[in-house]
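Here is a short briefing on one protein chain. Look at the sequence and the model first, then read the points below.

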Amino acid sequence: MLFRQKIFAIVASILIMLLVVELVRRRKLREEYSWLWLLTGGVIILLVLWYDLLVFITHLIGAIAPTTTLFIFGLLFLMLISLHYSIQISKLSHQVKEMAQQLTLLKGKLESQVGQ
């Protein structure tokens, strides 16, 4: 890996990690999700600094180039994040449906009590 590429990857990872910390501080990102992004930035820094580990993982999974390994793991990461958010959206949709049903029942009871 070229020196410029290493510097770029390290700087980009540090900037992402700082952005995550700032988003948590401003309460725009919950702490429960921040660890995943901080861990990802840390792993990228680790792989950049310990390039032999990336090469070892590349050979271990049968990829040809280390960049392919990074691309595969990035794609898997995004797929897992998407799956997690799909589960969360499904839960929230179910909760909204139940709350709307309960609200309708409460409105009906209130109207029947007021009408008497």
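This is a predicted model: local features need pLDDT of at least 70, side-chain atom pairs count only at pLDDT 80 or more; totals for chains, interfaces and linings use all residues.

The chain holds four helices and zero strands. Along the sequence the pattern reads α-α-α-α. The radius of gyration is 23 Å, well over the 13 Å that the globule rule gives for 116 residues, so the chain is more spread out than a compact globule.

**Overall shape and surface**

- Along the principal axes, the C-alpha atoms fill a box of roughly 80 × 35 × 15 Å.
- Of the 116 residues, 16% count as buried.
- The accessible surface of the chain is about 9,600 Å². Carbon and sulfur atoms account for 71% of that surface.

**Contacts and charges**

- Take the contacts between residues at least 6 apart in sequence: 43% of these join residues at least 24 apart.
- The chain carries 11 positive and 6 negative charges.

**Helix α2**

- Helix α2 covers residues 31–49, which is 19 residues.
- From first C-alpha to last, α2 reaches 27 Å, close to the 27 Å expected at 1.5 Å a residue.
- The buried residues of α2 are Y33, S34, G41, I45, L47 and V48.
- What covers these buried residues? The cover includes α1 (3–25), α3 (51–61) and α4 (66–115).
- An α-helix has 3.6 residues a turn, so residues three or four places apart point the same way.

**S13, in helix α1**

- S13 sits in helix α1.
- Is S13 buried or exposed? S13 has a relative accessible area of 3%, and the cut-off for buried is under 20%, so S13 is buried.
- Leaving out residues up to four places away in sequence, S13 touches G41, I44 and I45.

**R27, in a loop**

- R27 lies in the loop between α1 and α2.
- The phi of R27 is positive, about 65°, although R27 is not a glycine.
- Is R27 buried or exposed? R27 has 66% relative accessibility and the cut-off for exposed is over 50%, so R27 counts as exposed.

**In brief**

- The chain has four helices and zero strands, and 16% of its residues count as buried.
- S13 is buried at 3% relative accessible area, whereas R27 is exposed at 66%.

Conventions: Residues are numbered from 1 along each chain as its sequence is written. Side-chain values use heavy atoms; hydrogens and water are left out. Helices (H or I, at least four residues) and strands (E, at least two) are DSSP runs, numbered from the N terminus. The radius of gyration is taken over C-alpha atoms; the globule rule is 2.2 Å times the number of residues to the power 0.38. Buried means under 20% relative accessible area, exposed over 50%, partly exposed in between (1.4 Å probe, protein chains only). Contact means heavy atoms within 4.5 Å. Accessible areas come from the Shrake-Rupley method with a 1.4 Å probe; for residues, only the protein chains shown count as cover. Lys and Arg count as positive and Asp and Glu as negative; His and the chain ends are not counted. The place of a charge is taken as NZ of Lys, CZ of Arg, CG of Asp or CD of Glu. The expected span of a helix is 1.5 Å times one less than its number of residues.
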